[in-house]
Amino acid sequence: MTVPEFQRRKQEGKKIAVVTAYDALFTRIIEEAGIEAILVGDSLGVVVQGKKNTLSVTMEEMLYHTKLVARAAQRALVIADLPFLSYHVSVEEAVRNGGRLLQAGAAAVKLEGGAAVRDRVEAMTRFGIPVMGHLGMTPQSVNRFGGYKVQAKDQELAEALVTDAKALQTAGVFAIVLEAIPASLAKTVTQSLAVPTIGIGAGPDCDGQVLVLYDLLGLFDDFVPKFVKPYGHLKADALQALRRYQEEVEHGKFPSDSESYH
Ligand code: KIV
């Protein structure tokens with residue numbers, strides 16, 4: 001999947017499924033399932049590193065995980081998150097860090113924010129770095145929001161979000177993630193943009209959906225937002241397997257003759 005193909009899906013009326021990945025093993029499984037776009041999300045700070053939020057994820061960490069995913073990906077579009085503080089200070093830093101993620105193997109980058117990051121988006125796209133936007137409940141602003149809460153619920157904030165989405169499109173983004181906003185607002189944004197919207201907690205009318213892999217698989221249950229649908233029960237499966245292993249070792253049942261060399 002290329003960036004232009006990703007964009008064409010909107011005109012073709014075909015929904016796009018995106019999922020996060022942080023390593024080579026799951027990237028191969030995701031591709032085997034036929035999913036065509038992978039986000040190396042800074043959500044790795046929470047689900048892989050066990051942190052409270054994404055704010056301390058570094059560029060070096062994003063580069064490392066992007067390399068793991070990009071090395072394994074054969075067909076999927078790999079999009080990598082620009083972490084907190086990697087694009088905030090200056091346009092120059094945004095271009096440099098966006099370029100580093102492309103050198104690590106990503107085909108595109110994602111950043112959070114609206115009109116405030118317009119100049120970053122313009123500069124990166126001008127220099128060949130495709131950019132995905134991210135509006136609504138942007139996790140890097142969790143302290144400003146006072147927690148992970150649904151955003152743009154009143155008329156004024158909803159209008160501001162539509163303005164931000166249009167500003168991002170004019171600046172050159174190829175798609176926009178809409179996170180935790182009312183479904184009706186996501187529908188309005190989707191209908192008013194030429195570029196695809198990818199929803200997470202933004203209802204069914206976005207052009208595509210994205211979920212954090214470990215949420216989707218039922219592997220991460222520290223905090224399960226309303227918008228998560230666990231399609232698997234991998235934590236329960238892992239617990240069952242590990243408990244059986246422990247029991248069999250304790251009772252001398254593992255290894256048996258068939259797992260032994262003769
Ligand atoms: O970091 C991430 O995984 C994300 C998605 C939740 C959109 O930004």
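The side chain of Asp42 puts an N or O atom 3.0 Å from an oxygen atom of the ligand, one of the polar contacts here (pairs of N or O atoms within 3.5 Å). Here it is with two others:

| Side chain | Distance to a ligand oxygen atom |
|---|---|
| Asp42 | 3.0 Å |
| Ser43 | 2.5 Å |
| Asp81 | 3.1 Å |

The protein covers 96% of the ligand's 260 Å² of accessible area on its own, with areas taken from the Shrake-Rupley method and a 1.4 Å probe.

A word on the source: this is a predicted model, where local features need pLDDT of at least 70, side-chain atom pairs count only at pLDDT 80 or more, and totals for chains, interfaces and linings use all residues. Residues are numbered from 1 along each chain as its sequence is written, and side-chain values use heavy atoms, leaving out hydrogens and water.

Back to the ligand. The residues around it (a heavy atom within 4 Å) include Thr20, Leu39, Gly41, Lys110, His134 and Ile200. By class, that shell has four nonpolar, four polar and three charged residues, with Gly counted as polar and Asp and Lys as charged.

Now for the backbone. Helices here are DSSP runs (H or I, at least four residues), numbered from the N terminus. After H11 comes Gly252, with a positive phi near 70 degrees. Pro255 also sits in the segment after H11, and the peptide bond from Phe254 to Pro255 is cis, with omega near 0 degrees.

Ala152 is not a glycine, yet its phi is positive, about 55 degrees. Ala152 lies in the loop between helix H7 (142-145) and helix H8 (155-171).

How values were computed: A polar contact is a pair of N or O atoms within 3.5 Å; within protein, one must be able to donate a hydrogen and the other to accept it, and residues adjacent in sequence count only if both atoms are side-chain atoms. Helices (H or I, at least four residues) and strands (E, at least two) are DSSP runs, numbered from the N terminus.
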